[in-house]
Amino acid sequence: MTVDEAAAYLGLSKRYLYNLTSARRIPHKKVGPRAVRFDREALADWLRARTTDVPTRTEQEQAAAAYCARNPR
């Protein structure tokens, strides 16, 4: 995948994507001296590793109730 395709896939700007590649914080390959390419599966794994599930309100309330039950004042 090209930089344009990877940026669209990840929802990032090209500039930020270039910053990530120069800092070696995202998996990529160099083709020749300047061209950068990305593997879709490697990007999907990278994205999965950096996302977290947001609990529902019910899950938050249950966790708060459990915390209060364990830590009475």
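Predicted model: local features only at pLDDT ≥ 70, side-chain atom pairs only at ≥ 80, totals over all residues.
Helices and strands here are DSSP runs, numbered from the N terminus; a helix needs at least four residues and a strand at least two.

Start with the order of the elements. From the N terminus on, they run α-α-β-β-α-α. That makes four helices and two strands in the protein.

Now the overall form. The radius of gyration is 20 Å. For 73 residues, the globule rule gives 11 Å. The value for the protein is well over that, so the protein is more spread out than a compact globule. The spans tell you about the C-alpha trace. Along the principal axes, they are about 65 × 20 × 20 Å.

What about the surface? The protein exposes about 6100 Å². Carbon and sulfur atoms supply 50% of that. Of the 73 residues, 19% count as buried. And the contacts? Take those with a separation of 6 or more: residues 24 or more positions apart account for 37% of them.

Helix α1 covers residues 3–10, and helix α2 covers residues 14–22. How do α1 and α2 pack? Their angle is about 105°, and their axes are 9 Å apart. Angles of 65 to 115 degrees count as roughly perpendicular, and α1 and α2 are therefore roughly perpendicular to each other.

Who makes that contact? On the α1 side, Val3, Asp4, Ala6, Ala7 and Leu10. On the α2 side, Lys14, Leu17 and Tyr18. Sort them by class, and the contact of α1 with α2 has six nonpolar residues, two charged residues and no polar ones.

Stay in α2 for a moment. Thr21 lies in this helix. Is Thr21 buried or exposed? Its relative accessible area is 9%. Buried means under 20%, so Thr21 is buried. Which residues does Thr21 touch, leaving out those up to four places away in sequence? Ile26, His28, Val36 and Phe38.

Move on into the loop between α2 and β1. Arg24 is found there. At 73% relative accessibility, Arg24 counts as exposed. Its backbone deserves a look as well. Most residues other than glycine have a negative phi. Phi of Arg24 is near 55°, a positive value in a residue other than glycine.

His28 has its place in the loop between α2 and β1, and β1 covers 29–31. With a relative accessible area of 26%, His28 is partly exposed. Leave aside its neighbours within four places in sequence, and His28 is in contact with Thr21, Val36, Arg37 and Phe38. So what separates His28 from Arg40? In sequence, twelve residues. In space, 10.0 Å, C-alpha to C-alpha.

Last stop, helix α3, residues 40–49. Leu47 lies in this helix. Leu47 is partly exposed, at a relative accessible area of 31%. Compare its position with Ile26. Leu47 and Ile26 are 21 residues apart along the chain, and their C-alpha atoms are separated by 9.3 Å.

To recap, briefly. Helices α1 and α2 are roughly perpendicular to each other. Thr21 is buried, Arg24 is exposed, and His28 is partly exposed. That's the tour. Thanks.

Methods:
Residues numbered from 1 in each chain as written. Heavy atoms only, no water. Axes fitted to C-alpha atoms, helices over the stretch in contact; angles between N-to-C directions. Parallel < 35°, antiparallel > 145°, perpendicular 65-115°, else oblique. Contact = heavy atoms within 4.5 Å. Nonpolar A, V, L, I, M, F, W, Y, C, P; charged D, E, K, R; others polar. Rg over C-alpha atoms; globule rule 2.2 N^0.38 Å. Buried < 20%, exposed > 50% of the residue type's maximum accessible area, 1.4 Å probe, protein only. Areas by Shrake-Rupley, 256 points an atom, 1.4 Å probe, with all protein chains shown as cover.
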